[in-house]
Structure formats: C-alpha cells, structure tokens
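Hi,

Here is the structure I promised to pass on.

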Amino acid sequence: MTAEFIDVAALDDIPMGTCKALSVGSIRIVVAHLADGFYALENRCSHANSPLITSKIYHGRQSACPIHCARFDLKTGEAKSPPAFTSLMKFPVRVVEGRVEVAMPPMQIG
Ligand code: FES
C-alpha cells in the first residue's frame, strides 16, 4: 500500500521558524517549517512517549522534549541527545496550492 497525502494545515498556519502539533486520525504529528521547507515527524518522544515541545526550534532544526530534554532533528527524526536514542518516524510533506499535506501510511490514519 502506498502512502496517502493528507491535508493538515494552511501554509500560513505554520510560519517559517515554527512548528505545529497536529493530529492525523489517531496519529499525533509535528510539522516544522524550516528555512528549506516543511518536515513532519511523529509527535511522541522515543524515550517515554511524551509529546514534544512544538513551539521552539533549537539550532535551526531541533525540537526538545519537555520531560527530560532529549532533542530530535526535525529534518530526519534522529535522536540528538540522551535520554532518547531511537529516531522518530518521519513523514513526507508537500505543499499544494497553499496547503500543507503529509503522507501517512494508510494503516496509520485510522
Ligand atoms: S520523555 Fe522525552 S526525554 Fe524523557
């Protein structure tokens, strides 16, 4: 099965240099608008499943967990500091006619 792009936000809803927490079905995601485009990750810390802070971006491309401060690369999902060591799931993003769309595997949209 191929991923399906889902409309998640207007382009203006996620200004450059910010992140937005969203839900697609039962999946919590965070969409980041960085200098070179949009990126989407699961919004669940791989250390203890806390939602990530979504309002602040560190070093131009990192998000921090509010519980124990693990940082994640918003472009790749890679865990960048302990106590998280496992990467977050990354989803493809595209912009179509002023709308941000995220590709989710069909089984995860539920
Ligand atoms: S729950 Fe995120 S670092 Fe512990």
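**What I found**

Buried residues account for 25% of the 110 residues in the protein chain, where buried means 20 or more other C-beta atoms within 10 Å of the residue's own, exposed means 12 or fewer, and partly exposed is in between, with C-beta atoms placed from the backbone. Bear in mind that this is a predicted model: local features need pLDDT of at least 70, side-chain atom pairs count only at pLDDT 80 or more, and totals for chains, interfaces and linings use all residues. Residue numbers start from 1 along each chain as its sequence is written.

On the overall fold: the protein chain has 9 strands and 1 helix, arranged along the sequence as β-β-β-β-β-β-β-β-β-α. The radius of gyration is 13 Å, close to the 13 Å that the globule rule gives for 110 residues, so the chain is as compact as a globular protein of that length. Helices (H or I, at least four residues) and strands (E, at least two) are DSSP runs, numbered from the N terminus. The radius is taken over C-alpha atoms, and the globule rule is 2.2 Å times the number of residues to the power 0.38. Along the principal axes, the C-alpha atoms fill a box of roughly 40 × 30 × 15 Å. Of the contacts between residues at least 6 apart in sequence, 44% join residues at least 24 apart; a contact here means C-beta atoms, placed from the backbone, within 7 Å.

Now to strand β9, residues 99-104.

What does β9 pair with? Strand β1 (residues 4-10) runs antiparallel to β9 and is joined to it by 6 bridges, with I6 opposite V102. Strands count as paired if DSSP finds at least two bridges between them. Strand β8 (residues 93-96) also pairs with β9 in the antiparallel sense, over 4 bridges, and V95 has V100 as its bridge partner.

β8 and β9 form a hairpin with 2 residues between them. E97 sits in the loop between these strands and has a positive phi near 50°, in a residue other than glycine. E97 is exposed, with 7 other C-beta atoms within 10 Å.

There is also an open sheet of 4 strands, in the order β2-β3-β4-β7, with antiparallel pairing. β2 (18-24) and β7 (90-91) stand at the edges with a single partner strand each, so one side of each is left without a neighbour in the sheet. β7 pairs antiparallel with strand β4 (residues 37-42) over 2 bridges, and A40 stands opposite F91 there.

Two backbone details in the loops are worth a look:

- P82 and P83 are joined by a cis peptide bond, with omega about 10°; P83 lies in the loop between β6 (71-73) and β7.
- C69, in the loop between β5 (62-64) and β6, has a positive phi near 70° and is not a glycine. C69 is partly exposed, with 13 other C-beta atoms within 10 Å.

Over to you!

Terms used
Two residues are in contact if their C-beta atoms, placed from the backbone, lie within 7 Å.
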